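Hello,

Here is the structure I promised to pass on. Please open it and read my notes alongside.

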Amino acid sequence: MKTYVVGGAVRDELLGLPVQDHDHVVVGATPESLVALGYTPVGKDFPVFLHPETHEEYALARTERKTAPGYKGFVFHAASDVTLEQDLIRRDLTINAIAKAEDGALIDPFNGRSDIEQRIFRHVSPAFAEDPVRILRVARFAARFIEFTVAPETTALMRHMVEQGEVDALVPERVWQELSRGLMEAKPSRMFDVLRDCGALGRILPELDALWGVPQPEKHHPEIDTGVHVMMVIDYAAQQRCNLPVRCAALMHDLGKGTTPESEWPRHHGHEGRSVALVDQVCQRLKIPNDCRDLARMTAREHGNVGRALELRPDTIVKLFERCDAFRKPQRFIDMLQASECDHRGRAGFTDRPFPQAPYLRAALSAAQAVNAGEVAKHCVDKPQLIAQAVHAARVASVSEFVASCRRNN
């Protein structure tokens with residue numbers, strides 16, 4: 001029996017990056033022999049075991065045979081006669097098909113080290129085409145390893161997979177799993193660049209794909225193209241280390257512009273409402289978690305109002321808070337302001353421009369929160385139906401004082 005470290009741990013070590021987890025392949029063993037050595041079986045689809053001391057994963061070397069469309073359509077064969085090279089050839093990219101022996105020697109039958117040096121994503125073998133998840137993985141890797149490019153032959157193979165309908169067989173949960181991980185990488189726009197290059201974006205996120213080629217007013221959007229703008233927005237969100245719901249909201253805030261009739265370009269009147277409907281559509285189809293969905297809906301609906309915050313009347317500001325449920329969920333409202341700020345700064349030449357609307361609305365919310373709703377309610381004991389109206393009026397009065405002080409100070 002021989003064990004090897006494989007995959008991302010070897011790749012990241014060669015790149016000089018921190019290694020988080022180690023995956024191991026075991027050659028020349030059987031499930032029974034590993035159990036006898038104290039390993040704990042955990043794999044459902046194929047034999048994977050936890051080391052009795054380190055609890056790291058050890059998988060028996062295996063081969064795969066495609067039996068049906070999609071990423072679940074495989075039969076696995078794991079036995080003591082499967083070689084390391086047979087296991088490695090089934091992996092996605094050459095940079096992930098390098099093994100490290102116990103003595104430190106590298107086994108690199110597919111020239112992964114050369115591709116690491118040249119910063120290239122290249123598929124190991126034609127078997128890449130059998131698993132459509134690999135398209136999403138390559139795209140996600142592009143968002144993480146921003147110096148790498150996809151080999152032309154790999155892009156061509158992915159394009160062929162899309163044309164053959166392999167991407168259509170992906171289950172929604174897996175699509176969102178990969179997209180969400182890519183959104184949290186260093187430069188998320190590169191994930192969508194890769195997906196667009198091979199045609200996969202139009203299959204899994206047609207609402208987003210529709211934004212490229214749609215113009216916006218140059219005065220407010222020097223980059224003009226809506227798709228370009230959204231990519232700048234999500235990259236700015238990544239630079240600010242925003243959480244996943246904020247990045248998801250940044251991604252989907254302008255979906256409605258893809259449905260604006262060409263006769264109305266470059267203006268997009270009413271795109272906020274259309275964006276909300278499309279956010280709902282995407283989130284339902286991909287089964288996106290509620291926290292991401294709710295923030296994305298709110299940002300799509302309100303980012304225009306946030307942009308006009310300095311012009312809004314106190315009553316309108318309080319209605320904005322109420323509409324967003326900001327008194328019960330203030331952090332979500334703050335996250336919406338952050339997503340709106342990403343929208344503002346994700347434009348050509350706007351990165352360093354001030355966005356006073358966010359601190360202004362945060363301070364206005366604090367002023368409204370200072371109202372003691374319980375005390376206000378005491379004055380309406382005889383007319384409980386007026387409590388909500390009275391609390392609203394008190395919050396408007398508090399925000400009015402805040403707005404007046406801002407104007408005096410300016």
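**The cavity and its lining**

These residues line the largest cavity: Trp176, Leu179, Leu205, Leu208, Cys248, Leu251, Met252, Leu255, Val282, Leu286 and Ile288. Keep in mind that this is a predicted model.

How much space lies in the largest cavity? About 60 Å³. The structure holds one cavity of 30 Å³ or more.

Eleven residues are nonpolar. None is polar, and none is charged.

Which helices supply at least two residues each to the lining of the largest cavity? They are helix 7 (172-183), helix 12 (244-252) and helix 13. Helix 12 gives the most, with three residues.

**The second largest pocket**

Next, turn to the second largest pocket. Its volume is about 730 Å³. It has 29 lining residues. Nearest its centre lie His220, His221, Gly304, Arg308 and Arg347.

The lining of this pocket has six nonpolar residues, 13 polar ones and ten charged ones.

Helices take part here too. Helix 13 (271-286), helix 14 (290-307) and helix 16 (330-345) each supply at least two residues of the pocket's lining. Which helix provides the largest share? Helix 14 does, with four residues.

Best wishes

How values were computed. Residues are numbered from 1 along each chain as its sequence is written. This is a predicted model: local features need pLDDT of at least 70, side-chain atom pairs count only at pLDDT 80 or more; totals for chains, interfaces and linings use all residues. Side-chain values use heavy atoms; hydrogens and water are left out. On a 1 Å grid over the protein atoms alone, a cavity is a set of points where a 1.4 Å probe fits but cannot get out, and a pocket is an open set with protein on both sides within 12 Å along at least five of seven lines; lining residues have an atom within 4 Å of a point. Grid points are joined across faces, edges and corners, and a volume is the space filled by probe spheres set on the points. Ala, Val, Leu, Ile, Met, Phe, Trp, Tyr, Cys and Pro count as nonpolar, Asp, Glu, Lys and Arg as charged, and the others, Gly among them, as polar.
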